[in-house]
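Here is a short note to read beside the model. Keep the sequence and the 3D view open, and check each point as you go.

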Amino acid sequence: QFPTNHDLWIKYLCYLDDRLGDPAASRKAYHRATRTCPWAGAIWCRFLRFEERQSATLETLDTIYTRAQAGGMSTYEDLLSL
């Protein structure tokens, strides 16, 4: 159940962002999390905020946003949170 449990992914991503401080490792984890749980709007939101903090280009943010919209989020609130 772990790979598709988005709550565990969020806790892991929080740990990487807050404690580890390695943007490359965090970015890889965000890609894995969104690939594994494409319906989890909370992960997409954290991913976008992470990339904004890393001064990502508008093209990068747009790519992530487009992937998030195509991810098949499970609730209307998830989509609105983007």
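1. **A pair in helix 1.** Start with Trp9 and Tyr12. Both sit in helix 1 (residues 6-20), three residues apart, about one turn of the helix. Helices (H or I, at least four residues) and strands (E, at least two) are DSSP runs, numbered from the N terminus.

2. **What you are looking at.** This is a predicted model, where local features need pLDDT of at least 70, side-chain atom pairs count only at pLDDT 80 or more, and totals for chains, interfaces and linings use all residues. Residues are numbered from 1 along each chain as its sequence is written, and side-chain values use heavy atoms, with hydrogens and water left out.

3. **Overall build.** The protein has five helices and zero strands. Read from the N terminus, the order of elements is α-α-α-α-α. Of the 82 residues, 33% are buried. Buried means under 20% relative accessible area, exposed means over 50%, and partly exposed lies in between (1.4 Å probe, protein chains only).

4. **Aromatic rings.** How many aromatic pairs does the structure hold? There are four. The ring centres of Trp9 and Tyr12 are 6.2 Å apart and the planes stand at 65°, so this pair is edge-to-face. The rule covers rings of Phe, Tyr and Trp (its six-membered ring): they pair if their centres lie within 6.5 Å, and planes under 30 degrees apart count as stacked, over 60 as edge-to-face and the rest as tilted. Trp9 is buried, because its relative accessible area is 6%. Tyr12 has 32%, so it counts as partly exposed. Elsewhere, Tyr30, Trp44, Phe47 and Phe50 make up one aromatic cluster.

5. **A nonpolar patch.** Tyr12 comes back here. Together with Tyr15 and Leu20 it forms a nonpolar patch on the surface, and the three have about 290 Å² of accessible area together. Tyr15 also belongs to helix 1. Its relative accessibility is 46%, so Tyr15 counts as partly exposed. Patches are made of residues with over 30% relative accessible area and no salt bridge; like charges are joined within 9 Å, and nonpolar side chains (Val, Leu, Ile, Met, Phe, Trp, Tyr) within 5 Å. Accessible areas come from the Shrake-Rupley method with a 1.4 Å probe, and for residues only the protein chains shown count as cover.

6. **A positive patch.** Which residues form the positive surface patch? They are Lys28, Arg32, Arg35 and Arg67. Helix 2 (residues 23-36) gives the most to this patch, with three residues. Arg32 is found in helix 2. At 33% relative accessible area, Arg32 is partly exposed. Lys and Arg count as positive and Asp and Glu as negative, while His and the chain ends are not counted. The place of a charge is taken as NZ of Lys, CZ of Arg, CG of Asp or CD of Glu.

7. **Salt bridges around Asp17.** The structure holds three salt bridges. A salt bridge is a side-chain nitrogen of Lys or Arg within 4 Å of a carboxyl oxygen of Asp or Glu. Arg46 bridges to Asp17, with the closest N and O atoms 3.1 Å apart. This pair links distant parts of the chain: Arg46 is in helix 3, Asp17 is in helix 1, and they are 29 residues apart. Arg53 meets Asp17 in another salt bridge, at 3.7 Å from N to O. That pair also joins distant parts of the chain, helix 3 for Arg53 and helix 1 for Asp17, 36 residues apart. Is Asp17 buried or exposed? Its relative accessibility is 17%, so Asp17 counts as buried. Arg53 is exposed, at 51%.

8. **Arg27 and Glu51.** Arg27 forms a salt bridge with Glu51, and the closest N and O atoms are 2.8 Å apart. The two lie in distant parts of the chain: Arg27 in helix 2, Glu51 in helix 3, 24 residues apart. Glu51 is buried, with 3% relative accessible area. Arg27 is partly exposed, with 28%.

9. **Check Ser55.** Ser55 has a positive phi of about 60°, although it is not a glycine. Where does Ser55 lie? Look in the loop between helix 3 (41-53) and helix 4 (58-70). Ser55 has 61% relative accessibility, so it counts as exposed.
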